[in-house]
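Please consult the sequence and the structure shown here alongside the text.

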Amino acid sequence: NWTLALLEQAFYGTQTHAVRVTGHYTARWKVQTTGIHLWGNHCHFNATMPGPRLYLYRDGRDVALSLWRTKGFQPAEWHGLSFAEFLRTPLDWWETPGQPARGPRVTIAEHWRLHLDSWYNAPDTLFIRYADLLRDPARELACVAEFAALPLRDDSVTTGDYGPQPSGDYRAAKWREVFTAEDLDYFHSIVPAEH
């Protein structure tokens with residue numbers, strides 16, 4: 001939600017679609033953008049997706065923690081799982097929680113790596129780390145503007161007004177508060193630290 005607000009403010013000077021609520025942003029992104037596609041899903045890459053594209057990715061450890069905390073994405077019988085148990089349990093969905101698993105079921109660490117790997121060599125795609133966007137939005141927005149050949153609004157850059165404040169706790173590296181040494185070893189056995 002914060003990323004949508006950031007992009008909308010920086011390129012359109014509005015905040016009409018990024019409202020201060022939680023939930024998936026695609027329900028509110030109705031503007032036809034020009035020059036760039038904002039994919040509101042968690043799909044693995046396929047060549048039929050038109051470009052250019054932004055691929056915003058988050059640390060897989062934070063993704064795992066976020067999904068564990070979001071009980072609405074889990075079957076009811078999982079609600080009592082500890083984080084360690086959730087991390088090691090094969091998911092019942094494939095690309096997104098609303099899509100039942102097809103083929104082999106994988107853990108969230110395996111899923112995150114498969115997803116990122118599917119996008120790794122995607123042509124005409126700009127990769128942006130969520131942590132970098134939080135840390136230096138002006139720099140990252142300048143990269144988006146150059147890549148998409150879209151004019152970046154001068155007023156949003158000079159004032160630093162990047163849309164509404166986050167509606168939740170949008171820090172990076174929250175995983176550090178929950179992962180044990182064993183959880184980290186397990187995660188890195190699937191996703192190497194340098195991946």
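## Overall fold

The structure is a predicted model. The chain contains eight helices and two strands, which follow one another in the order α-β-α-α-α-β-α-α-α-α.

Of the 195 residues in the chain, 39% count as buried. Among contacts between residues at least 6 apart in sequence, 57% join residues at least 24 apart.

## Confidence of the model

The chain has a mean pLDDT of 77, and 74% of its residues reach 70 or more. The pLDDT is below 50 over residues 18-32, a stretch that has 34 contacts in the model beyond near neighbours in sequence. Residues 158-167 also have a pLDDT under 50, and for them the model has 25 contacts beyond four places in sequence.

## Helix 2

Helix 2 spans residues 60-69 and is mostly covered, with eight of its 10 residues buried. The buried residues are Gly 60, Arg 61, Asp 62, Val 63, Ala 64, Leu 65, Leu 67 and Trp 68. These buried residues pack against helix 3 (83-88), helix 4 (108-119) and helix 8 (181-190).

## The second largest pocket

The second largest pocket has a volume of about 540 Å³. It is lined by 25 residues, of which Tyr 57, Asp 59, Trp 112, Arg 129 and His 195 are the closest to its centre.

Several elements each supply at least two residues of this lining: helix 2, helix 4, strand 2 (125-129), helix 5 (130-135) and helix 8. By class, the lining comprises 14 nonpolar, three polar and eight charged residues.

## The loop between helix 3 and helix 4

Trp 93 is found in the loop between helix 3 and helix 4. Because its relative accessible area is 7%, Trp 93 counts as buried. Leaving aside neighbours within four places in sequence, Trp 93 is in contact with Leu 67, Phe 73, Gln 99, Pro 100, Ala 101, Ile 108 and His 111.

With a relative accessible area of 48%, Arg 105 is partly exposed. The C-alpha atoms of Trp 93 and Arg 105 are separated by 7.5 Å, although the two residues are 12 residues apart along the chain. For Arg 105 and Asp 92, which are 13 residues apart along the chain, the C-alpha separation is 6.7 Å. Not counting residues up to four places away in sequence, Arg 105 touches Trp 78, Pro 90, Leu 91 and Asp 92.

## Aromatic pairs

The structure holds nine aromatic pairs. In one of them, the rings of Trp 175 and Phe 179 have centres 5.6 Å apart and planes at 85°, so the pair is edge-to-face. Trp 175 counts as buried, at 7% relative accessibility, and Phe 179 counts as buried at 10%. Both values fall within the buried class because the cut-off is under 20% relative accessible area.

Ring pairs also link Phe 45, Tyr 55, Tyr 57, Trp 119 and Phe 127 into a cluster.

Key
Residues numbered from 1 in each chain as written. Predicted model: local features only at pLDDT ≥ 70, side-chain atom pairs only at ≥ 80, totals over all residues. Heavy atoms only, no water. Buried < 20%, exposed > 50% of the residue type's maximum accessible area, 1.4 Å probe, protein only. Helix = DSSP H or I, 4+ residues; strand = E, 2+ residues; numbered from the N terminus. Contact = heavy atoms within 4.5 Å. 1 Å grid on protein atoms, 1.4 Å probe; cavity = no way out; pocket = protein on both sides within 12 Å on 5 of 7 lines; lining within 4 Å. Points joined across faces, edges and corners; volume = space filled by probe spheres on them. Nonpolar A, V, L, I, M, F, W, Y, C, P; charged D, E, K, R; others polar. pLDDT = per-residue confidence, 0-100. Phe/Tyr/Trp six-rings, centres within 6.5 Å; stacked < 30°, edge-to-face > 60°.
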